[in-house]
Amino acid sequence: MELTGAQALIKSLEAQGVEVIFGIPGGAILPVYDPLIDSPLRHILVRHEQGAGHMAEGYAHVSGRPGVAMVTSGPAATNIVTALADAYMDSIPMVCITGQVALGSIGTDAFQEADTTGITMSVTKHNWLVTSAQDIPRIIKEAFHVATTGRPGPVLVDIPKDVSNQLMQWYWPDEVDMPGYKPTVKGHPKMIKQAAKLILEAKKPVIYAGGGIIRAGASDQLKTLAELISSPVATTLMGRGCFPDEHELAMGMPGMHGTYTAVTAIQKADLLIALGVRFDDRVTGKISSFAPNAKVIHVDIDPAELGKVRHPEVPIVGDVGYVLTELIKEIKNLEKKQDQSDKSAWLKQIKDWQIRFPLTYDKEQTKVIKPQFVVETLSANTPEDTIVVSGVGQHQMFATQYWKFNRPNQWVNSGGLGTMGFAIPAAIGAKVANPSAMVWAIDGDGCFQMTAQELVTASSEKIPIKVAILNNAYLGMVRQWQEMFYEERYSEVYLSPDLPDYVKWAEAMGCVGFRVESPDEVAIVIEKANAINDRPVVIDFRTDSSEKVYPMVPSGASNDDIVVDPSQGQGGM
Amino acid sequence: MKQYKHHTLSVLVENKAGVLSRIAGLFARRGFNIYSLAVAPTDDQKFSQITIVVDVQSAPLEQITKQLFKLINVVKISELDPATSCEYELILAKINAPGNNRASIIELVQLFGGKIVDIGISQLTVMLADSPTKVDDFEALLEPYGIIEVQRTGRVALAKQETSSAKLRSISGKVS
Ligand SMILES: Cc1ncc(C[n+]2csc(CCOP(=O)(O)OP(=O)(O)O)c2C)c(N)n1
Ligand SMILES: [Mg+2]
């Protein structure tokens, strides 16, 4: 069968099982948009390419399947770079297709030419510049393979316009042939044995579980392990939901704005079982004083993560789900000969910290709305399987701290890159992936202004997401740092509560808009929003501008110097 | 010249457009230092061989090889130990050689087993292909005469035959 490159591309995406593309057309990708008309593939027309990228990410976060974005050359390709970098940091599988100027024009500074593969080299797992239409099915197959296997990540396929118009003979490859790419899935049995031995000996273990558990679908194994060895569990920002917050072994999040208990337990642990995590600086604080007494077992599918930041006593390269299954078997085996150490004192200590230093804020407040209260009320008044998406800033920390996460793929956020503007488009992608679940974006007023126009996309495509703006009239997180570390010298952080008018703006974009100015209205308006299913809803919650996120480990400080809510006294350890 | 701690990596890569830029980009982005780099085709035209001499003061060798291995087009990395590998480098140098110095430069080149490859009125271009340390010595001894221009290739290396299998540390195909 003879096809054009463009037809072959669409047919390849279909063969790959793609159901939706987030994109926006333009000159160099025009040939591909023509056969799209005749394809069953759903296309969602975005208002900005960054939105397409974050939508693809949100879709991947929730479904575990790669999100697909398609944009034209030059400015469109550069517009999507932020989303690629975001997906790269957070190991989100994503395939981005970009148009490129004709092969013969490459290198001539042609209209809308940008060196897309060059620009995106450092923010993709791999990228391809297609030079012949005959290669398209093979490259698409390879692209999806690379994006979804090993450590997942974004990939990009750049297709010159004339290649899209070239004729090719259709085929669909059975397998990929990539001699330089063979991810290790099974952990080394000897290492797994060693890990089991350390685990049985540990008196004060902590499981430090991250996004890798979610990507690997290993939540069940994680729960089995934690219960088997009675180990408390800290879940990172990317791993929230991989272990139920309501479980008695759950300690919440570690790191800069983690719970006192998670942060302190790691500092005092004698064994750190690190699963699908990368010892990010926001978790470790000052690395030289991080978990100083702990031996480390580190399981990750990416060998380069083992020893990158912290030397592990037992490094295990492999899929964390597979490794955990083997590890659990090994522990059970070993237990026949050797008892586990007694952990009752450790668990009592953990309980004690939890009672003394819970997450807290001023709950007596009746005049101003505390942002934490909005999150708590939302969490309590939405279905169990609600998907929560956030932007970046204080509201993100309040969302991750105060929402009770009990399942994986329920929390969608920009962890590694910290991309303001992530929430709205990512929520749209999440809702497309799981239309039956309620999707709430918890956004900041600053973040909302970066990508709000995608609500037009949501309205026109009938994607009824819900948005809670925690409108504190400030770039709150930056304000907090200026208050705490720059002697309250506020520099360029004030935004105004009512410029723009978020309700009018929401309405102009085809959404329902609400404004909430007092605490007693919070639950009522959330109920109203929950009842709306035919279009997006935006609630402008006017929250306390002066609220700060606690606990906090100041940047660069040791986790031992954790600062707790002022009502809880000095903190520290 | 300042002494760095150098390691030689022999990297087999797929012969695809942009491979070199991926490698160079990776080194730049992760703050690794390349001391020298040489690229050449192999007998199989699908692959090229890159010899990279890395400065392991900038990052541990393990991190460098692991990150390199994450590049999809990198197929195999071998660390070559100088004791058990043949390492060669070529130097071309244009030397100030007026009549009175000419004879002693020619003598030096002959002693090293190098070659005079170009002769001018008051300059000589000399060449030597030898181990990197010999090339260093050669360059240092030429220095006093006045080096006008110098070009070195960076080293290429292969494991030695008899003892190669035992000492050649091969880090093969495991990456995501
Ligand atoms: C694209 C981008 N630009 C700048 C920043 C730096 N930054 C981090 S948080 C923040 C403030 C966010 O303000 P808002 O959305 O109102 O959230 P709040 O902290 O007030 O809850 C800024 C500017 C960023 N993370 N991303
Ligand atoms: Mg704000």
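Five bridges join strands E5(B) and E8(B), which run antiparallel, and in this pairing Ile91(B) faces Arg152(B) of E8(B). The model is predicted, so please read what follows with that in mind.

**Strand E5 of chain B and its partners**

- E5(B) also pairs with E7(B), in the antiparallel sense and over eight bridges; here Leu92(B) stands opposite Met127(B).
- A further antiparallel partner is strand E9 of chain B (residues 156–159), joined to E5(B) by four bridges, with Ser85(B) opposite Ala159(B).
- The side chains of E5(B) alternate between two faces. Ser85(B), Glu87(B), Glu89(B), Ile91(B), Ala93(B) and Ile95(B) point to one face and are buried.

**Helix H4 of chain B**

- Helix H4 of chain B spans residues 132–142, and its buried residues are Pro132(B), Val135(B), Phe138(B), Glu139(B) and Leu142(B).
- These residues lie on the same side of H4(B), because they cover an arc of only 120° around the axis.
- What do the buried residues of H4(B) pack against? They meet strand E5 (85–96), helix H3 (99–112), strand E7 (123–130) and strand E8 (147–152) of chain B.
- Among these elements, E7(B) pairs with E5(B), and E8(B) is joined to E5(B) as well.

**Helix H12 of chain A**

- Helix H12 of chain A (residues 260–268) is largely enclosed by the rest of the structure, because eight of its nine residues are buried.
- The buried residues are Tyr260(A), Thr261(A), Ala262(A), Val263(A), Thr264(A), Ala265(A), Ile266(A) and Gln267(A).
- Their packing partners in chain A are strands E9 (205–209), E10 (233–235), E11 (250–252) and E12 (271–275), together with helix H15 (344–356).

**Asn127 of chain A**

- Asn127(A) sits in strand E6 of chain A (residues 126–129). With a relative accessible area of 2%, Asn127(A) is buried.
- Which partners does the side chain of Asn127(A) reach? One is the backbone oxygen of Thr117(A), at 2.9 Å; another is the side chain of Thr120(A), in a polar contact at 3.1 Å.
- Setting aside neighbours within four places in sequence, Asn127(A) is in contact with Thr117(A), Thr120(A), Met121(A) and Leu156(A), and also with Arg22(B) from chain B.

**The magnesium ion (ligand 2)**

- The magnesium ion (ligand 2) is coordinated at 2.0 to 2.1 Å by Asp445(A) through OD, Asn472(A) through OD1 and Tyr474(A) through O.
- Along the chain, these donors follow the spacing D-x26-N-x1-Y.
- Asn472(A) counts as buried because its relative accessibility is 7%, under the 20% cut-off. Tyr474(A), at 18%, counts as buried too.

**Domains of chain A**

- The domain assignment divides chain A into domain 1 (2–169), domain 2 (189–356) and domain 3 (371–549).
- The centres of domain 1 and domain 3 of chain A, taken over C-alpha atoms, are separated by 30 Å.
- Between these two domains, 24 residues of domain 1 are in contact with 29 residues of domain 3.

How values were computed. Residues numbered from 1 in each chain as written. Chains lettered and ligands numbered in written order. Predicted model: local features only at pLDDT ≥ 70, side-chain atom pairs only at ≥ 80, totals over all residues. Heavy atoms only, no water. Donors = N, O, S within 2.8 Å, 3.2 Å for Na, K, Ca; no water. Buried < 20%, exposed > 50% of the residue type's maximum accessible area, 1.4 Å probe, protein only. Arc of directions from axis to C-beta. Contact = heavy atoms within 4.5 Å. Polar contact = N/O pair within 3.5 Å; in protein donor to acceptor, adjacent residues only side chain to side chain. Pairing = 2+ DSSP bridges. Domains from an automatic or database assignment.
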